[in-house]
Amino acid sequence: YIRSASGINSAVYNIAITKAGSAVISALAIAAATNVTDNNGILFGSSAPTGWDGKVLFTKKLALGTDGHIMQQYMGGAHDTIITFKENNLSEVYTANTYKAGLQISSATPHYVFNNGTYTTTSITFALYDYLRIKVVGTAITVEKSSNGTSWTTVYTFAYTRTTDLYIGMSVYGVSKVYGAKGFNLI
């Protein structure tokens with residue numbers, strides 16, 4: 001476990017979780033955040049805003065032509081977040097058309113998948129502390145869930161033709177509390 005952090009604007013942490021081949025699954029460093037604070041890898045939405053005005057941009061990206069994934073663990077309760085791959089490196093408030101592949105992890109159902117810039121209602125269900133990931137393999141985007149972070153079940157799949165690197169963003173609703181994202185095969 002390695003951690004080096006000093007406030008939300010300079011938080012940098014890379015935690016080696018497991019190795020698969022030569023790539024490492026690691027926590028993502030925060031490049032920019034608004035209305036969100038970091039407390040040892042758990043992100044808290046500000047108490048002042050209501051709505052999707054907490055925003056986070058991570059420093060890593062998935063390079064064009066590379067397969068990889070981002071994942072997050074569900075904390076339960078009123079903890080609403082959107083984790084997404086997007087085509088720009090802007091820290092922005094929830095805007096569906098910029099989220100090319102994303103998942104709204106919600107305290108209530110339905111949950112939404114962001115499919116090529118539009119959100120789609122799904123019947124995805126998950127339990128407290130389940131892991132949820134968005135996996136990119138070629139032109140296939142797969143949303144998966146796991147109770148242990150090892151065995152995965154596909155819950156949604158769609159096609160997406162990439163023309164650029166994919167950046168990683170997160171939107172946080174109101175006073176939500178979420179685990180920071182992790183990624184695989186990112187640069």
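Tyr 99 counts as buried because its relative accessibility is 1%; buried means under 20% relative accessible area, exposed over 50% and partly exposed in between, with a 1.4 Å probe and protein chains only. The model is predicted, so local features need pLDDT of at least 70 and side-chain atom pairs count only at pLDDT 80 or more, while totals for chains, interfaces and linings use all residues. Residues are numbered from 1 along each chain as its sequence is written, and side-chain values use heavy atoms, with hydrogens and water left out.

The structure holds five aromatic pairs (rings of Phe, Tyr and Trp, the last by its six-membered ring, with centres within 6.5 Å; planes under 30 degrees apart are stacked, over 60 edge-to-face, the rest tilted). Tyr 99 and Phe 114 are edge-to-face, because their ring centres lie 5.4 Å apart and their planes stand at 80°. This pair links distant parts of the chain, 15 residues apart: Tyr 99 is in strand 9 (residues 99-105) and Phe 114 in strand 10 (residues 111-115). Strands are DSSP runs of E, at least two residues, numbered from the N terminus. Phe 114 is buried, at 0% relative accessible area. Ring pairs join Tyr 99, Tyr 112, Phe 114 and Tyr 119 in a cluster.

Strand 15 (residues 166-172) has seven of its seven residues buried. Leu 166, Ile 168, Met 170 and Val 172 lie on one side, and Tyr 167, Gly 169 and Ser 171 on the other. Its pairings (at least two DSSP bridges between two strands) are tabulated.

| Partner of strand 15 | Sense | Bridges |
|---|---|---|
| Strand 6 (residues 54-62) | antiparallel | six bridges |
| Strand 8 (residues 81-86) | antiparallel | six bridges |

Tyr 167 stands opposite Lys 61 and is the bridge partner of Lys 86.

How values were computed: Helix = DSSP H or I, 4+ residues; strand = E, 2+ residues; numbered from the N terminus.
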